[in-house]
Amino acid sequence: SVNPMTYETQFFGFTPQTCLLRIYVAFQDYLFEVMLTVERVILKRLEAAPGGGEGGGVSPVQIRKGTEKFLRFLKERFDGLFATLETVLLQLVLRVPDHVLLPEDRSHARHPGGREELARLREEADRLRGRYEAEARAGRALMAELEEQRAARAQLEKTLRWFDGLEGAWREHGGGDPRESLAFLRRGAHRLRDVVGDVESKGR
Amino acid sequence: GQRDENRRLAQAVLAGRERIRALQERIQARRDAWQALSQDQRELLT
Amino acid sequence: GMEAAVGEMKDYITRFSSECRAWDQLLLHYEDTAKEVSRPREDAQVAADQVDPAWYLETSQSEVLSSKPDYGQIVSGQGQVFDCMELVMDELQVSMRQLKAFMDDSTRLLQKMS
């Protein structure tokens, strides 16, 4: 099974395998460039040599074949050497030893509770979640009460405005204090009753 | 965060309750004033 | 003496008429408006969430939530206010009617005297 080396990835910020792949590709590209350069030098020397070109016994096609053969040879050797290099780098360089904890994970070393600790943390998380949900529900209940208050307040204000209208209607047509008006009517009625009695008796 | 929000909501709720209580008292006072009038007019009736 | 008494009667009847007119306008205004305002608004009946105490007792606002008033009762309690006002206005109407009857009798007496 392939070791994903996730802890190393967490530390380096890249996977060790990717790093080595890039090194390999870089080496390979350099090898190809070098071989091309060597091939060009050989072709130039061949042209410059007396009896060079087609009549020299060695054609450019042969040079190319030789170059390719040599490249294959070098690549095989390189692949073998790189495999060794890869193993060394993965095991000794791009690796976090088993006994080492990264700084962000040191709290686990301080509280090595294992399963019990995990269970306790889970319980606490559940409890906190429950409390949060209760608070959220309380918030919704408070918002709902604000809405109820708005409706109740509107009704009460409507009643108060009606009283204002009633008193306004009185002021528009009567003016003054309604109690004083009734008091006047009461006094007036008493007096009128006396006067009526007086008039009746005088009339008789 | 939720607790702070609830605290703010609770303050608004309490203020709202107080306003409603004040409105009820004002309505009660207006009703009482008209009821006193009723007493006056009963005397007129007699 | 008779003239003075009659004069006083006329004066009272005139002033009573003016006062009665004001009260009539008030009673008219009441009749026009009371029914409409005593009807609860459509949005006044906000469905109240049935609060089960079990879940909010552990919250930070349990005291506020547990002391929530009954807004439905507050709104429906306004009906009592309007019932009371209806009683007041009914009694006022009876009084004004009796007063007008008294004034009519007094006016007839004046006419008879004249």
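Predicted model: local features only at pLDDT ≥ 70, side-chain atom pairs only at ≥ 80, totals over all residues.
Me: OK, what volume does the largest pocket have?
Reply: Its volume is about 230 Å³. On a 1 Å grid over the protein atoms alone, a pocket is an open set of points where a 1.4 Å probe fits, with protein on both sides within 12 Å along at least five of seven lines; points are joined across faces, edges and corners, and the volume is the space filled by probe spheres set on them.

Me: Which residues line the largest pocket?
Reply: Counting residues with an atom within 4 Å of a point, the lining takes R186(A), A189(A), H190(A) and R193(A) from chain A, E43(B), L44(B), L45(B) and T46(B) from chain B, and S95(C), Q98(C), L99(C) and F102(C) from chain C. In terms of helices (DSSP runs of H or I, at least four residues, numbered from the N terminus), at least two lining residues each come from α6 (178-203) of chain A, α1 (2-45) of chain B and α5 (78-113) of chain C.

Me: How does that lining divide by residue type?
Reply: There are five nonpolar, four polar and three charged residues, where Ala, Val, Leu, Ile, Met, Phe, Trp, Tyr, Cys and Pro count as nonpolar, Asp, Glu, Lys and Arg as charged, and the others, Gly among them, as polar.

Me: Take S95(C): buried or exposed?
Reply: S95(C), which is found in helix α5 of chain C, counts as buried because its relative accessibility is 2%; buried means under 20% relative accessible area, exposed over 50%, and partly exposed in between, with a 1.4 Å probe and protein chains only.

Me: And what is S95(C) in contact with?
Reply: Leaving aside neighbours within four places in sequence, S95(C) is in contact with Q41(B), L44(B) and L45(B), contact meaning heavy atoms within 4.5 Å. Within its own chain, the C-alpha atoms of S95(C) and C20(C) are separated by 9.9 Å, although the two are 75 residues apart along the chain.

Me: What about chain C overall, how many helices and strands?
Reply: Chain C comes to five helices and zero strands, and 34% of its 114 residues count as buried. Of its contacts with a separation of 6 or more, 83% are between residues 24 or more positions apart.

Me: Switching to interfaces, what area is buried between chain A and chain C?
Reply: About 4,400 Å², with carbon and sulfur atoms giving 76% of it; buried area is the accessible area (1.4 Å probe) that two parts lose on being put together, summed over both. On the chain A side, E148(A), W162(A) and L192(A) lose the most area to chain C, together 16% of what that side buries. In residues, 43 of chain A are in contact with 51 of chain C.

Me: How many salt bridges cross there?
Reply: Two are found across the interface of chain A and chain C, a salt bridge being a side-chain nitrogen of Lys or Arg within 4 Å of a carboxyl oxygen of Asp or Glu. E8(C) and R191(A) meet in a salt bridge at 2.7 Å, N to O.

Me: And between chain B and chain A, how many?
Reply: Four salt bridges are found across that interface, where about 2,500 Å² is buried, 68% of it on carbon and sulfur atoms. R30(B) forms a salt bridge with E167(A), with the closest N and O atoms 2.9 Å apart, and D164(A), E167(A) and R30(B) are linked in a network of salt bridges. E167(A) is partly exposed at a relative accessible area of 22%, whereas R30(B) counts as buried at 18% relative accessibility.

Me: Last one, which residues does Q149(A) touch?
Reply: Not counting residues up to four places away in sequence, Q149(A) touches A12(B), V13(B), G16(B), R17(B), I20(B) and Y71(C). Q149(A) is found in helix α5 (residues 114-173) of chain A and counts as buried, at 1% relative accessibility.

Notes
Residues numbered from 1 in each chain as written. Chains lettered and ligands numbered in written order. Heavy atoms only, no water.
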